[in-house]
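Thank you all for coming. I would like to walk you through one structure, slowly, and then take your comments.

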Amino acid sequence: AGELEQGLAEVDNLDEERRKLQEQVNPLEMILIPAGRLRMGTNLANHEDENPEHLVHLKPFYIDSSEVTNLQYKDFIDATGHREPVHWYNRTFPNANQVDHPVVNVSWGDAKAYAEWVGKRLPTEAEWERAARGDNNNEYPWGKASNTDCANFDNPQGGTSPVEKYDRGKSEFGVWDMCGNVGEWTED
């Protein structure tokens, strides 16, 4: 029992060290979105699930600068034993060339567990929308019109693209892939 207790204590110490290092890394991976207002929703008749348009006031918050990559998510499942996405094999993503692509096929619970493991949280829907639309209340992160030079729309490459591929598609706050590539989970 002594060796087992010693081994478990070492694991706890390593996890505490990982948490301390993660706290140092998090600000480098995140962008501070300043306090501000957001016109959220719409009054359009064909968008009932978004009615009514309303004004939301938000305090400053941090959001990841890009989507969670396959490699980041693999680190999480390797360290915690959390289940892998259904399309992965032997606890890794199917294509070695996709280390910097966003992880897909994760549930809301999976996303929340990952966020908690790295000492973060999922953004609220309002926070996500403010980070995407900016102070100008843009329809798209880069402006008012759809543009395939700014995002991975309709999978022209046959799937996802690297999380920092579309430089012209960043939001005014500098957040990547807020439109296109894959959908993101929010807290609410």
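How are helix 2 and helix 3 oriented to each other, roughly parallel or roughly perpendicular? Before I answer, please note that this is a predicted model, in which local features need pLDDT of at least 70 and side-chain atom pairs count only at pLDDT 80 or more, while totals for chains, interfaces and linings use all residues. Residues are numbered from 1 along each chain as its sequence is written, and side-chain values use heavy atoms, with hydrogens and water left out.

Helix 2 (residues 70–80) and helix 3 (residues 108–117) pack at about 80 degrees, with their axes 11 Å apart, and they are therefore roughly perpendicular to each other, a label that covers angles of 65 to 115 degrees. Helices here are DSSP runs of H or I with at least four residues, and strands are E runs of at least two, both numbered from the N terminus. Axes are lines fitted to C-alpha atoms, for helices over the stretch in contact, and angles run from 0 to 180 degrees between N-to-C directions. Contact means heavy atoms within 4.5 Å, and among the residues of helix 2 that meet helix 3 are Tyr-73 and Phe-76, while helix 3 brings residues including Tyr-114 and Trp-117.

Turning to the strands, strand 1 (residues 30–33) runs antiparallel to strand 4, joined by four bridges, where pairing requires at least two DSSP bridges, and Leu-32 stands opposite Tyr-62.

Note on methods. Angles under 35 degrees count as roughly parallel, over 145 as roughly antiparallel, 65 to 115 as roughly perpendicular and the rest as oblique.
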